[in-house]
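Thanks for coming. I will take one structure today and go through it piece by piece.

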Amino acid sequence: MPVPGPGYSITIRVEAPPSASAAGDLAGAIGRVGGVITAFDVVESHTDRVVVDITCNAVSVNHARDITDVLDLLPGVVVRKVSDRTFLMHLGGKIEVNAKVALRNRDDLSRAYTPGVARICQAIAENPDDARRLTIKRNTVAVVTDGSAVLGLGNLGPAAALPVMEGKAALFKKFAGVDAWPVCLDTQDTEEIIRTVQLIAPVYGGINLEDIAAPRCFEIEARLRDLLDIPVFHDDQHGTAICVVAALRNALRVVGKDIADCKIVVCGVGAAGSAIIRLLLHRGPGDIIAVDVDGIVHEGRGDGDANLRWVAENTNRHGVSGRLHDALVDADVFIGVSAPNLFGADQVATMAKDAVVFALANPDPEIDPLEAQKHAAVVATGRSDYPNQINNVLAFPGVFRGLLDAQARGITDKMLLAAADAIADVVDGDKLNASFIVPSVFDPAVSHAVADAVRKAAGTSHSG
């Protein structure tokens, strides 16, 4: 199912004979092992040889090695160097700090720093709210992690989490003009995390929690929301939930169903799954059936985890039990935030007519999208190489832009639902179809629409 993509893009510098067939031989060899060439550049030409840079996409590190090896086997071809373009992008990190004010002479320095800055310090000491007006606090978010649940890779620790947090900060800036900074904590102790974030909070206008494992993430977020006077937003929970609710609203428009009549199966009841359930319940679904590794969640299971107990009490109104395949029978909607390859086309065939399948496990979804399409009317994934990519970047930049502009001191479900509706509304009736239920992450209208909706939900339309 995986197809070559830019995440595994390599550039291979090869030396080859100057024959008329050289380019075709190189391209043919790469094609035979499943590589996709995206660029072919001659960098040197001599009477006895040519040197070319071939850029191509692979599906994995091993596949990239296969491509290199097959070129090495061609007569007269020498592989000089292989560059992994993803690693090249990360050299030295992906973000930097730039001054917003000019420091051209002594006068500039006197105002930006000493002695002039002392007056600003005194003003803030007299009125702490002035920090939002006179410092970076008004436009700055901390992206906080302990590295315990990095992407789908597990507990990699804070240093290995840093590239993800850098990327998150870059997306904040690109899509919403928000200055975000990675804060990777070398602890996975709940109390230490809470206390550390509390101590650094004066610098920031918001806290974005990221890649912190469940169930610890629930307590950390709840406690920080009580302690701090700035919004605290766990993107793995609420960013995902916003995007799923937006996509589902449009998917149900495509198939002509009312959510009040729908049986919805949510597979995966960790951070993302629980938040999806909580937000969906505000939309009044017919029923939600939650499924985890132990099967269908119901009150009779006797789960000790507080999150699972809450899910059991608020879903599965008929108290059904069984496994995922049992839950799928007659279901109108499947939402997966769990693990790859859990079911196939035969199980989709047991779902209700015009079924909606959101298989969001990354990089490999719960079902091959091509298999799901055999019976489902609408299919979405978290991948960029299939239609209907449900990606949190649709939500979090605009959400924080709106929160910062509103100088919000917290975040509510009303704001989350407003953000979901704003994303859904970007895809109007003329654009909406089974292959386009959410806008592109590069659509500039998205972050503006989300920010405006969040500002209004926060009680102000002022843009700071």
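I start with Glu221, which touches Leu209, Val232, Phe233, His234, Gln237 and His238, leaving aside residues up to four places away in sequence. Please keep in mind that this is a predicted model. Glu221 sits in helix α9. Is Glu221 buried or exposed? Its relative accessibility is 7%, and the cut-off for buried is under 20%, so Glu221 counts as buried.

A check on the helix itself. Helix α9 has twelve residues, 216–227, and at 1.5 Å a residue they should span 16 Å. The C-alpha atoms at its ends are 17 Å apart, which agrees.

Now the loop between β7 and α9. Pro215 is in that loop, and the peptide bond joining Ala214 to Pro215 is cis, with omega about 0°. Asp211 is in the loop between β7 and α9 as well. The phi of Asp211 is positive, near 50°, and the residue is not a glycine. With a relative accessible area of 4%, Asp211 is buried.

As background, most residues other than glycine have a negative phi, and most peptide bonds are trans.

There are further cases elsewhere in the chain. Thr114 and Pro115 are linked by a cis peptide bond with omega near 10°, and Pro115 lies in the loop between α4 and α5. Asp354, in the loop between α14 (345–348) and β13 (356–359), is not a glycine but has a positive phi of about 55°. At 31% relative accessibility, Asp354 counts as partly exposed.

Next, the core. How many residues does the largest nonpolar core have? It has 77, and those with the most contacts inside it are Ile242, Leu248, Ile264, Ile335 and Phe358. Helix α10 gives the largest share of this core, eleven residues. In general, nonpolar side chains tend to be buried together in soluble globular proteins.

Take Ile264 from that list. Again leaving out residues up to four places away in sequence, Ile264 touches Leu248, Ile259, Leu280, Pro285, Asp287, Ile288, Ile289, Val333 and Ile335.

Now the second largest pocket. Its space comes to about 1100 Å³. The lining has 28 residues, and the closest to the pocket centre are Asn98, Ala99, Lys100, Ile136 and Asp179. By class, 17 lining residues are nonpolar, four are polar and seven are charged.

Which elements supply at least two residues each to that lining? They are α4 (106–112), α5 (117–126), α6 (131–134), α7 (158–176) and β6 (179–184). The largest share of the lining, four residues, is from α5.

Terms used: Residues numbered from 1 in each chain as written. Predicted model: local features only at pLDDT ≥ 70, side-chain atom pairs only at ≥ 80, totals over all residues. Heavy atoms only, no water. Expected span 1.5 Å × (residues − 1). 1 Å grid on protein atoms, 1.4 Å probe; cavity = no way out; pocket = protein on both sides within 12 Å on 5 of 7 lines; lining within 4 Å. Points joined across faces, edges and corners; volume = space filled by probe spheres on them. Nonpolar A, V, L, I, M, F, W, Y, C, P; charged D, E, K, R; others polar. Core = buried A, V, L, I, M, F, W, Y, C linked by side-chain atoms within 4.5 Å. Buried < 20%, exposed > 50% of the residue type's maximum accessible area, 1.4 Å probe, protein only. Contact = heavy atoms within 4.5 Å.
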